Amino acid sequence: MHSDPIADLLTRIRNGLMSHAMYVDVPMSKIKHEIVKILEAEGYTSNHEVLSETKFPILRVHLKYDSRHKPIIRTLRRVSKPGLRVYRRKGDLKPVRSGLATQILTTSNGVMTDREARKRAVGGEVLCEVW
């Protein structure tokens with residue numbers, strides 16, 4: 001059992017990118033599935049699928065590389081941790097790295113990017129940053 005399943009997801013993706021793997025397998029959960037859907041929508045991963053052949057479903061994340069075989073994701077950083085939660089109000093959500101990075105937040109309206117949270121005028125817990 002993992003004490004921080006979101007950090008486990010991010011670490012598996014990071015390790016897969018460093019080893020130039022085509023995909024990584026992660027134990028399935030709703031929050032991880034939402035994070036992976038956002039990564040795919042933002043263009044950081046190419047595809048994902050849910051494999052339910054075993055007793056516990058597995059989330060398979062297909063990683064994305066550029067034409068020179070360099071990972072699209074340069075940095076994947078966990079912001080809010082179980083020991084130190086990081087919350088942002090709607091007025092405190094600023095673009096990260098001049099808008100080139102994406103923050104993934106969990107809000108009362110679900111999991112979304114920082115751009116979408118600013119557009120909807122909601123705040124929440126900052127889960128991670130990707131660029």
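**Figure 1. A salt bridge between E42 and R115 in the predicted model.** In this predicted model, E42 and R115 form a salt bridge whose closest N and O atoms are 2.3 Å apart. The pair links distant parts of the chain: E42 belongs to the loop between α2 and β2, whereas R115 belongs to helix α3 (residues 114-120), and the two are 73 residues apart. E42 has a relative accessibility of 31% and therefore counts as partly exposed. R115 is also partly exposed, with a relative accessible area of 35%.

Figure 2. D114 counts as buried, at 1% relative accessibility, while R118 is partly exposed, with a relative accessible area of 30%.

**Figure 3. A salt bridge between D4 and R78.** The distance from N to O in this pair is 3.0 Å. D4 lies in the segment before α1 and R78 in strand β4 (residues 76-78), so that distant parts of the chain, 74 residues apart, are linked. Both D4 and R78 are buried. The structure holds ten salt bridges.

**Figure 4. The open sheet of three strands.** The strands follow the order β1-β3-β2, and their pairing is antiparallel. β1 (23-27) and β2 (45-51) are the edge strands, each of which pairs on one side only. On average, neighbouring strands of this sheet are turned by 20 degrees against each other, direction ignored. Six bridges join β2 to the antiparallel strand β3 (residues 58-63). Across this pairing, L51 stands opposite I58 in β3.

Figure 5. The secondary structure of the chain comprises three helices and eight strands, which follow the pattern α-β-α-β-β-β-β-β-β-α-β along the sequence. The radius of gyration is 15 Å, close to the 14 Å given by the globule rule for 131 residues, so the chain is as compact as a globular protein of that length. Of the 131 residues, 40% count as buried. Among contacts between residues at least 6 apart in sequence, 56% join residues at least 24 apart.

Key
Residues are numbered from 1 along each chain as its sequence is written. This is a predicted model: local features need pLDDT of at least 70, side-chain atom pairs count only at pLDDT 80 or more; totals for chains, interfaces and linings use all residues. Side-chain values use heavy atoms; hydrogens and water are left out. Two strands pair if DSSP finds at least two bridges between them. Helices (H or I, at least four residues) and strands (E, at least two) are DSSP runs, numbered from the N terminus. Axes are lines fitted to C-alpha atoms, for helices over the stretch in contact, and angles run from 0 to 180 degrees between N-to-C directions. The radius of gyration is taken over C-alpha atoms; the globule rule is 2.2 Å times the number of residues to the power 0.38. Buried means under 20% relative accessible area, exposed over 50%, partly exposed in between (1.4 Å probe, protein chains only). Contact means heavy atoms within 4.5 Å. A salt bridge is a side-chain nitrogen of Lys or Arg within 4 Å of a carboxyl oxygen of Asp or Glu.
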